[in-house]
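Reader: Please take me through how to read the relation between two copies of a chain, and then the interface they share.

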There are 2 protein chains.
Amino acid sequence: MKKLINSPENLVVEAMEGMEAAHGDLIKAHYNPNFIVRADAPAKGKVAILSGGGSGHEPLHGGFVGAGMLDGACPGAVFTSPTPDQMYEAGKAIHGGKGVLLIIKNYTGDVMNFELAADLLKADGIEVESVVIDDDVAVKDSTWTAGRRGVGATVLAEKICGGAAAAGLSLKEVADICRKVNAEGRSMGVALTSCTVPHVGKPTFDLPEDEIEMGIGIHGEPGRTRMKLQPADKITEMLMDPIITDIPYKSGDEVLLFVNGMGGTPLLELYVIYRKAAAIAKAHGLKVSRNLVGSYITSLEMAGTSITMLKLDDTLRKFWDAPVKTPALRWGV
Amino acid sequence: MKKLINSPENLVVEAMEGMEAAHGDLIKAHYNPNFIVRADAPAKGKVAILSGGGSGHEPLHGGFVGAGMLDGACPGAVFTSPTPDQMYEAGKAIHGGKGVLLIIKNYTGDVMNFELAADLLKADGIEVESVVIDDDVAVKDSTWTAGRRGVGATVLAEKICGGAAAAGLSLKEVADICRKVNAEGRSMGVALTSCTVPHVGKPTFDLPEDEIEMGIGIHGEPGRTRMKLQPADKITEMLMDPIITDIPYKSGDEVLLFVNGMGGTPLLELYVIYRKAAAIAKAHGLKVSRNLVGSYITSLEMAGTSITMLKLDDTLRKFWDAPVKTPALRWGV
């Protein structure tokens, strides 16, 4: 295992320290329990938004803490859910009187721990709404998930809900917008290589030199099928077809198209994927009015990509466009 | 070789098509010869800035085309200099009457071809200034370079010169600022793995599973030494020490600290490197007032990192902070 780390045990805390050293104007790190909050926490006159999950998916979630997006993020150990006490303490630290929205990726550990944290926050008299993101069309039920997994739509939900909260919407309204993003968003991914969890020290799975895993999960969970490596255009078709047919997206729909890198994929390749994905969307009569291309929800150094599509309406587009200032996403300010 | 491509021959053009599809509001692609320009080219009432080089280092350079940074970028084949006709046509397309600054990384092919292009542009009556970036302290002379290689300071020069040009400075003034960035900036990198050039089909070099290459070049050129894998803090020391002692940076200096990923390195690890690099800078009495952390000048899927430090003054800081709106860097707008 070759990694730029000091030890698997200290990796997450040292990365948090590095984040805080680099972005102290935007975020503040708390340790034991570990969480990251906006530098100006608690949220003033607005709904507070909290997310979190296993580390190894950076910039998700800590890189999305800041004005116009998340108020707090709880990093677990790599590919391991954070604990309820992290979420509870983070929730208290960011709550500014208008309630807390929990955005939860659908993994059994995350869901269970966030539910416990929600109960603890409610017991303190804090209003809480929880939304579980389950946008991955690849498989129903998975290694660590009952139902569909939560993947790329999480990034979009965090941005759009952040915009809605900044605009002063109520907890119920922001939560409903989050549910809408989840209802109108779909994703699927592919892996060309595995990744190595630091405290395990060897690749999560074996993938022969000429094979790919279609429908991979962000922790290396098995997808739909293994197959020989295909040209990028063919791979893009195999990702786009299940996405488009799932809701289904209909001719005339306005969409946001998000091509995500898994961590070890060059940007050059992501643009090759985007080129074909946009052409497929267009051929289906979809109007791609917004997009995002880059590595935003990763699986350590895994090579691969995922595509997320989100149907937009005036509300979702407005809050996507709203100003954001976080370590990993920034525009309008 | 496992890559998300259709064919090595079409990779660069297809990635350009993807970039244009995603960022048509910011950039426009021209083909045969290949170059990318700002959507609102030619430059109006300002100096035009052109850069370029082999592909495989994305987002450098095409991802930095846009308001407040580059006016044009010429992508060569992967790790291969663009040709003089690309640079000449791009220079003509962006020139708006106030001259063209060429920002050139110090590789023999790039320097020769940009010189030819400069002659062609001058023959057309266009005023041209050229600045060669050679900030890599690792080695003197390299596989494709006489003198030091041009690496991370290129990103900073493109941003700062873009800010200066947008502020209306003259060609001579913008070029002098570029020379200052090069004079006050130093870099060094390390590789944990090689990368595979698509049209070659096998890794550029072999690196045993427990070894790293200190002082690596961005095309996999040999560095100073091979050694066993070390803890991240030790690696960071080995990168920072030659940088700090080269100019040397002195106690009290204000600096920008840039921790760059080579393409296949998780952000989590880059923050571990940043943490230690910032601590080392502080221990030397340096004031880190600005920073950049992410994969901005890459070597395809190579795992590794480079550190760049730039001494700031009021002018460089002001133009670093100036608004920028490109596919890969954006703030203030």
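Reader: Which residue of chain A comes closest to the rotation axis?

Author: Two copies of a chain are related by a rotation about an axis and a shift along it. In this predicted model, Gly264(A) comes closest to that axis, with its C-alpha at 2.1 Å. Chain A superposes on chain B by a rotation of 180° with 0.0 Å of shift along the axis, at RMSD 0.0 Å (least squares on C-alpha atoms of residues with pLDDT of at least 70 in both copies). The two copies are therefore related as by a two-fold rotation axis.

Reader: What area do chain A and chain B bury between them?

Author: The size of an interface is often given as the accessible area lost when the parts come together. Here chain A and chain B bury about 4,500 Å², 64% of it on carbon and sulfur atoms (1.4 Å probe, summed over both parts). On the chain A side, Lys2(A), Leu4(A) and Leu268(A) lose the most area to chain B, together 21% of what that side buries.

Reader: How many residues of each chain are in contact?

Author: 53 residues of chain A contact 53 residues of chain B, where contact means heavy atoms within 4.5 Å. Because 100% of the interface residues of chain A are also interface residues in chain B, the copies meet through the same surface.

Reader: How many salt bridges are counted between chain A and chain B?

Author: The count is 4 (a side-chain nitrogen of Lys or Arg within 4 Å of a carboxyl oxygen of Asp or Glu). One of the residue pairs forming a salt bridge is Glu17(A) with Arg275(B), whose closest N and O atoms are 2.6 Å apart.

Author: Residues are numbered from 1 along each chain as its sequence is written, and chains are lettered from A and ligands numbered from 1 in the order in which they are written. Local features need pLDDT of at least 70 and side-chain atom pairs count only at pLDDT 80 or more, while totals for chains, interfaces and linings use all residues, and side-chain values use heavy atoms, with hydrogens and water left out.

Note on methods
Buried area = accessible area lost by both parts, 1.4 Å probe.
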